[in-house]
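Keep the structure open beside the text.

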Amino acid sequence: MIRTSGAIKEIERSMKRNNSIDVMRGLVMIIMPLDHVRDLLHITSLSQSPTDLTTTTPALFFTRWVTHLCAPTFVFLSGTSAFLSMNAKKDLAATRHFLLSRGIWLVLLEFTLVNFGIWFDPHFNVLIFEVIAAIGVGFLILSLLLKLPPRTVGLIGGLIVALHALVSLIPVPENVVLKVLLSLFSPMAFPYGSGKLFLMGYPLVPWLGIMLIGYGAGYFFESTENGQRRIFLKLGLLSLGLFLALRVVNIYGDSVNWATNKNLLYTLLSFVNVTKYPPSLQFCLLFLGIMFLILSRVQGLKNGYVDRISVYGKTPLFYFLVHWYLIHPLVFVMVFLQGFKSSDLVFGSNFGRPKTGSGVELWAIYLIWVFIVLVMYPLCQWYGNYKERHKEQTWLRYI
């Protein structure tokens, strides 16, 4: 009887808000600004790729590499949250309406507040389709699939992730219509207007696949804590095992094969240097595998550190929007302290930095990153408390 009572209590706890999702999101929210600070402020960010093994350093490589965990985790957990929301409401029509309205809202945010936060260009000479829009359009498509069994949706997502790279093998003649279709699978740039550029940074199809997998995996999050711990450990080990197998074979699963390099360390860097744009099968296996292992470890974990991390994870969109408006003004502080004038600033692809000569070293990037994360904590705490106190204000569900 005691065991039965304990099991019932554990199931009841699992039916409440899943704290592991908040912790997982919180972790990646903490990591995420590191890449954005590097992008906007690092001395070489405008001239070279941090994952180009001919020019990078191990410290710079891993500074970029670790942040690869963020986007697939956001997108996967967006699908998971959609499943949990529908399962809690037991109302398909209400869930579809919410996904449609939230999807449209996210796309609008991407091309207004997010794009301005990235570029600080009032003329919007560069528009980029990134993770917020990818999630938004993903919600729109997911809303049309809600009548399908979750496992079927997850299977569709898995097939997309596993097979989308085959599209690149199809010879396609150059024309605008086909280029638009291909942009759903691979990054593309489209000039428009007078000197303006639209960048498809996050091709819809592969990221949709990750969201659908997250939706299909949603029922795992309704297991008991011990059940989730075992499931996510197995999924993590399976994903990483498949990654290693595919990577060693070096034939399929990523557009760039690894190769023996100038020393063992750089060979290791080549081995884990998987493709994010678009997210390859190996990229998804590696970083979703890491995500699953973290999820398995945080089940039932309760301490002060977890509580603080969860503060970030409970307000992810608020965090994402605000952090750009903390980072980008620091670009102008940096360039003016370095002696540049207003006339030197180049907006659009340069983020407002001069063409050459600006930027700070990697150690300073880490200091600025820590500063941004610390400043965001009280802001997220305040907003999270405000949402909790004002649940009657439905608009708060959209930020």
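Which element supplies the largest share of the lining of the second largest pocket? In this predicted model, that element is α2, with 6 residues. The pocket has a volume of about 930 Å³. Its lining counts 40 residues, and the closest to the centre are Asp35, Asp39, Arg64, Glu130 and Tyr277. Several elements each give at least two lining residues: α2, α4 (70–89), α5 (92–119), β1, β3 and α14 (316–337). By class, the lining has 23 nonpolar, 11 polar and 6 charged residues.

Now follow α2 to another partner. Helix α2 spans residues 19–41, and helix α13 spans residues 304–313. Their axes come within 7 Å and cross at roughly 80°. An angle of 65 to 115 degrees counts as roughly perpendicular, so α2 and α13 are roughly perpendicular to each other. On the α2 side, the contact uses Asn19, Asp22, Val23, Arg25, Gly26, Leu27, Met29 and Ile30. On the α13 side, Val306, Ile309, Ser310, Tyr312 and Gly313 take part. The contact has 7 nonpolar, 4 polar and 2 charged residues.

Turn next to the strands. β1 and β3 both supply residues to the pocket lining. Strand β1 (residues 126–129) pairs with strand β3 (residues 196–200) in the parallel sense, over 4 bridges. Here Ile128 stands opposite Leu199 of β3. Strand β2 (residues 188–192) also pairs with β3, but in the antiparallel sense and over 5 bridges. Met188 has Met200 in β3 as its bridge partner. β2 and β3 form a hairpin, with 3 residues between them. In that turn, Gly193 has a positive phi of about 60°.

Note on methods. Residues are numbered from 1 along each chain as its sequence is written. This is a predicted model: local features need pLDDT of at least 70, side-chain atom pairs count only at pLDDT 80 or more; totals for chains, interfaces and linings use all residues. Side-chain values use heavy atoms; hydrogens and water are left out. Two strands pair if DSSP finds at least two bridges between them. Axes are lines fitted to C-alpha atoms, for helices over the stretch in contact, and angles run from 0 to 180 degrees between N-to-C directions. Angles under 35 degrees count as roughly parallel, over 145 as roughly antiparallel, 65 to 115 as roughly perpendicular and the rest as oblique. Contact means heavy atoms within 4.5 Å. Ala, Val, Leu, Ile, Met, Phe, Trp, Tyr, Cys and Pro count as nonpolar, Asp, Glu, Lys and Arg as charged, and the others, Gly among them, as polar. On a 1 Å grid over the protein atoms alone, a cavity is a set of points where a 1.4 Å probe fits but cannot get out, and a pocket is an open set with protein on both sides within 12 Å along at least five of seven lines; lining residues have an atom within 4 Å of a point. Grid points are joined across faces, edges and corners, and a volume is the space filled by probe spheres set on the points.
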